[in-house]
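I opened the notebook with the sequence and the model side by side.

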Amino acid sequence: MFEIQVALRFLKEGRMQTLLIMVGIAIGIAVLIFLNALIGGLQADLVNSTVGTSPHIVGNSVDKEPPGRLADLDRATKVFTRETVSREEDRPLRNWVPVVEQLEKMDRFTAVSPVVDGSGFITLGDTSLPVVVRGFPLESADAIYNLQERIIRGEFTAAGNRVLLGKDLAEELRVDPGNIIRLSTPEGVDGTFTVAGIFELGTQAINESWVLLSLSGAQTLYGLEGGINGIELQVQDVFAADGAARLLGQSFSDLQWTSWQEENADLLSALSSQSASSYVIQAFVLLAVTMGISSVLAVSVIQKSRQIGILKALGITTSGVSRIFLIQGALLGFLGSLLGSALGAFLVWAFFFFVRTETGDPLFPITLSPGIFFFSIGIATLAGMAAAAAPARRAARLNTIEVIKNG
Amino acid sequence: MASQIELKNITKVYGTAVKTIVLKGIDLSFQAGEYSAIIGQSGSGKSTLLNIISTLDRPTDGTVLVDEKDLTTFNDDQLARFRNETLGFIFQFHYLLPEFNALENVLIPYWLAHGKPPTETVELAKELLDRVGVADRMYNKSTDLSGGQQQRIAIARALVNRPQIILADEPTGSLDSETTIAVNRLLREINEEYKTTFIVVTHDRHIAAECDRVIELVDGRIDRDYLTEGLEMEERWKDLGPAQCFRIQEMAQECQHADSKGTEEE
């Protein structure tokens, strides 16, 4: 097309002007890509460390509270943690096997584990420590908590009378794998167990309180007779957990379903305000890039007014003139963002390579998806065309006679 | 025979608050193949008249007919197409596009209407460049060429779409005297070769003297309109009024048509 040729030649003849604006666009787009990768990596890291190895949705078998009690409960200060929930009046779920099987068949859930939760005490000599007793099929729990890799001593097993202890709890009790402990419930049931292994789950609250049993061991201890009092789930897309929890609430109303988002509202609002400020920065960068293109093209219209005038005399249509400038804008945006993509990728690499923690590890993993490049190039090309709109209109309106008369 | 170009009662008024009437009811027609000059003092309206014939400007009143089509009813895009297909332009300031080389410049009128020119059009452009005597400058950028060379390329460009009419506004206005003579001769030859209608606006009486027909505008009206055929060069000069300068006469002599009895008082 003739207009493409003219646009290319105009840009080529512009040399310095074209080069400068291209570098300007490239820097803008590089910032866009870098910021995107940085914020994305940071947030993914934060979310992963929050819910990467914990359930995204928890279903608890609590009795629906009678209306009379609802009133004296201060709802606003009520914190939904596993501990508080499990201390409420339990009504065990007996017929849980088909429910778990059904959930396992659903693609959106990547891990499903039935749970028996309870509180108890470990008595060793004179000391008696309160603990959180958790019983589940270890292989299901492993899919959620990544337990096997986080056993620091001993074996990964809870078969028979064997249990796993948190690192800090074991230290406090001064027990090692192979030692025997005595576990008792508030109801006065107790049993002796052998410590099989010691785990470190990264959270102090867990490390100093959790005792992991097999599902049957916990069922016996709490007299549930094959029942469970909770189901823990992980979902494919962590941000879809609250939606999934709502759906579960409708389909399996026997349990009360809570998503991680409900328990981490502060983190989520921090993340979303971080995202929002990053978007604002990106929008302003894009705006600056657009204005830069626009001003360069506005100058170009003046510089090229002779050429435009002559082309009009020779029979180019007004839309043809507009196209010359729209194409220039699009080309600037496209080529500039191509350059910017390379620069952005380099910045990300440099950040990943040079900015390290004291131990020499990267601060957090940064993922550069091809999507962000396509998106940046697309949006820069569109911005270039939008920037060209006003100059293009001006060029199209240029009066040939004025141009020719003034030489 | 119907005229190729027919102007009826053309009026042109500039300005809204302060009105300047540039053309005051011009009636004029041109035959196909005619080589006419429009002359007049600056401000006489000759350029405005040419702009209206060339459809770059619209008359305030009146109609412009070319081959019996009323151009005043055309919209801008129709006019652009009309200019591209029917008219060739030669301006005082050559106006080649510096971003393109000579050959590309010649091809532009074809290119912008039909896309990439086929081989035969490129061959035609080369022939035209050869015809105007700058074939050896084909791949030069226009900025590397002299004014005369640029104007020759502009003439080739005006011819590439085989237009029926060529409009020239001071085609030699920025050329030196020798080049002026050569370019004028070239235009005249093209007129005879391709039977193209020429309308040349000029204040150069030398050019006017060599045209088939001279139209002189005074204050937006046609003052005189006559054919030069049969008139001796001396009479032509006399007719062209008292303002002639001697330099132009000398040039006229060099140009073979000069009357040997011409005054040489210098």
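Buried means under 20% relative accessible area, exposed over 50%, and partly exposed in between, with a 1.4 Å probe and protein chains only.

I noted the ground rules. The model is predicted, local features need pLDDT of at least 70, side-chain atom pairs count only at pLDDT 80 or more, and totals for chains, interfaces and linings use all residues. Residues are numbered from 1 along each chain as its sequence is written, chains are lettered from A and ligands numbered from 1 in the order in which they are written, and side-chain values use heavy atoms, with hydrogens and water left out.

**Core.** I looked up the largest nonpolar core and found 76 residues. Leu311(A), Phe325(A), Leu49(B) and Ile108(B) touch the most other members. I then listed the neighbours of Ile108(B), taking contact as heavy atoms within 4.5 Å. Leaving out residues up to four places away in sequence, Ile108(B) touches Phe2(A), Leu311(A), Leu314(A), Leu97(B) and Phe100(B). Another core, of 49 residues, lies apart from the largest one and includes Val51(A), Leu93(A), Ile198(A) and Ala245(A).

**Interface.** I counted 22 residues from chain B and 23 residues from chain A in the contact. Together the two chains bury about 2200 Å², 68% of it on carbon and sulfur atoms. Buried area here is the accessible area (1.4 Å probe) that two parts lose on being put together, summed over both. On the chain B side, Tyr95(B), Glu99(B) and Leu112(B) lose the most area to chain A, together 31% of what that side buries.

I checked charges next. There are three salt bridges between chain B and chain A, each a side-chain nitrogen of Lys or Arg within 4 Å of a carboxyl oxygen of Asp or Glu. Glu99(B) pairs with Lys304(A) in a salt bridge, with the closest N and O atoms 2.9 Å apart. Helix H2 (76–86) and helix H3 (102–114) of chain B each supply at least two residues of the side that touches chain A. H3(B) gives the largest share, five residues. Helices (H or I, at least four residues) and strands (E, at least two) are DSSP runs numbered from the N terminus.

**Helix H13(A).** I asked how many of the nine residues in helix H13 (residues 305–313) of chain A are buried. The count is eight. Among them are Ser305(A), Gln307(A), Leu311(A) and Lys312(A). Just after H13(A), Gly315(A) takes a positive phi of about 110°.

**Chain B.** I found nine helices and 10 strands. Of the 266 residues in chain B, 55% are buried. Thr86(B) is in helix H2 of chain B. Thr86(B) counts as buried because its relative accessibility is 9%.

Asp67(B) has a phi of about 50° and lies in the loop between strand S4 (61–66) and strand S5 (69–70) of chain B. Asp67(B) is partly exposed, at 36% relative accessible area. Lys195(B) has a phi of about 55° and is in the loop between helix H6 (177–194) and strand S8 (197–201) of chain B. Lys195(B) is exposed, at 61%.

Key
A nonpolar core is a set of buried Ala, Val, Leu, Ile, Met, Phe, Trp, Tyr and Cys residues joined through side-chain atoms within 4.5 Å.
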